[in-house]
Amino acid sequence: MRMTKPLVIAALIFSTGGGAWAQKSAAVQSIEEYRAMLQDGNPSELFEAKGEGLWTQKRGPKNASLEKCDLGKGPGVYKGVFVELPKYFADTGRVQDLESRLLTCMETLQGLDAAAIAKTPFGRGEQNNMTALATWIAAESKGMKFNLSQSHVQEKVFYQVGKRLFFQRGGPHDFSCASCHGEDNKRIRLQDLPNLTKNPGDGVGFAAWPAYRVSNGQMWGMQQRLNDCYRQQRFPYPGFGSDATIALGVYLGVNSQGSTSVAPAIKR
Ligand code: HEC
């Protein structure tokens, strides 16, 4: 069949344009396939099992378990607590997230040194136990919807502080959290950057961590997630369980109101 000149040109434009389109959709498709394959087996189950064991194990100078730990719903209750944290605790007079609250229990019930644990690098010693405990307790709220309280004045203050921290720019690149997480459809290489200023939805943002990270084979709690994002922002690392990290947690958690928790998730 003979083509007229304009038709040939049209065919060429279409074929290059079509080729680029096909390539892009193949890339997007393989990312999606890769993500779907990841969901097949999540090694977080190993950390959950370790965390469950640690809860009942008598440890520390006081040779006690964590079974009387109050994570917000009374001593010993671990089901459903995760989706209501961070929240205000009257006994410490602080707003606490899961990890900082576990630290309180490890000190008061077991006699472990909270300050020393907070200074321990992620992935070492008691920090590994902390991650396992947080993973198991989060798993006990899997499928439940986030519902953080904003009734105590401190909870409201923490939300406002968290919001300010989220938008606070600084460091060598003049970045804030919002530089990477303040708009829809942002991406760094193959990593989607959820818009954390609004409700990012089920299994995204706050509703996914603790998560197992395939890229480095590590289980990370929310504290470590935030820590690493401060690194990406080229800011100094925040203290483990510091008020700044908890305020960010309140901001992200309240924004996630009504999202279903899939934690512990599996991530790239
Ligand atoms: C330079 C860009 C950058 C900055 C600045 C940044 N992040 Fe991130 N953040 C990322 C990337 C990239 C990921 C995904 C990492 C991955 O997939 O391994 C991520 C992931 C996250 C996640 C988990 C999202 C999910 O769905 O799994 C949260 C929550 C988060 N960041 C919070 C913050 C907070 C809070 C700040 C400010 C303290 C911040 N980030 C600053 C790049 C950034």
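Author: Here's one definition to get going: two residues are in contact if their C-beta atoms, placed from the backbone, lie within 7 Å. By that rule, what covers the buried residues of α2 includes α5, β5 (211-213), β6 (218-220) and β7. Keep in mind that this is a predicted model.

Reader: Which residues of α2 are buried?

Author: Ser44, Phe47, Glu48 and Gly51 are the buried ones in α2. Looking down the helix axis, these buried residues fall within an arc of 105°, so they line one face of α2.

Reader: What span should the 13 residues of α2 have?

Author: At 1.5 Å a residue, α2 should span 18 Å, and its end C-alpha atoms sit 19 Å apart, so the two values agree.

Reader: What makes you call helix α3 largely enclosed by the rest of the structure?

Author: Eight of the eleven residues of α3 (residues 98-108) are buried, so the helix counts as largely enclosed. The buried ones are Leu98, Glu99, Ser100, Arg101, Leu102, Leu103, Cys105 and Met106. Their cover includes β1 (87-89), β2 (94-96), α4 (114-119), α5 (125-139), α8 and α9.

Reader: And the chain as a whole: what share is buried, and how many helices and strands are there?

Author: Buried residues make up 32% of the 268 in the chain. The secondary structure comes to nine helices and seven strands. As for contacts with a separation of 6 or more, 68% of them join residues 24 or more positions apart.

Reader: Why is Ser65 called partly exposed?

Author: Ser65 has 18 C-beta neighbours inside 10 Å. Buried needs 20 or more and exposed needs 12 or fewer, so Ser65, with its 18, counts as partly exposed. Ser65 is in the loop between α2 (44-56) and β1. Leaving aside residues up to four places away in sequence, Ser65 touches Trp55, Thr56, Gln57 and Lys58. Ser65 and Leu54 are eleven residues apart in sequence and 7.7 Å apart in space, C-alpha to C-alpha.

Reader: What about His173: buried or exposed?

Author: Exposed: His173 has 12 C-beta neighbours inside 10 Å. His173 is in the loop between α6 (153-167) and α7. His173 and Gln233 are 60 residues apart in sequence, with their C-alpha atoms 7.6 Å apart in space.

Reader: What makes the peptide bond from Leu85 to Pro86 cis?

Author: Its omega is near 0°. Pro86 lies in the loop between α2 and β1. The bond from Ala263 to Pro264 is cis too, with omega near 0°, and Pro264 lies in the loop between α9 and β7 (265-267).

Reader: Now the ligand. Which residues are closest to the ligand?

Author: The closest are Cys177, Cys180, Cys229, Gln232 and Gln233, among the 24 residues that surround the ligand. The shell divides into 15 nonpolar, six polar and three charged residues. At least two residues each come from α7 (177-181), β4 (191-193), α8 (222-232) and α9 (243-255). The largest share, five residues, comes from α8.

Reader: Where does pLDDT stay under 50?

Author: Over residues 6-22, for which the model has two contacts beyond four places in sequence. Where pLDDT is low, the predicted coordinates should not be read in detail. For the chain, the mean pLDDT is 89, and 90% of the residues reach 70 or more.

Notes: Residues numbered from 1 in each chain as written. Predicted model: local features only at pLDDT ≥ 70, side-chain atom pairs only at ≥ 80, totals over all residues. Near = placed C-beta within 6 Å. Helix = DSSP H or I, 4+ residues; strand = E, 2+ residues; numbered from the N terminus. Nonpolar A, V, L, I, M, F, W, Y, C, P; charged D, E, K, R; others polar. pLDDT = per-residue confidence, 0-100. Expected span 1.5 Å × (residues − 1). Arc of directions from axis to C-beta.
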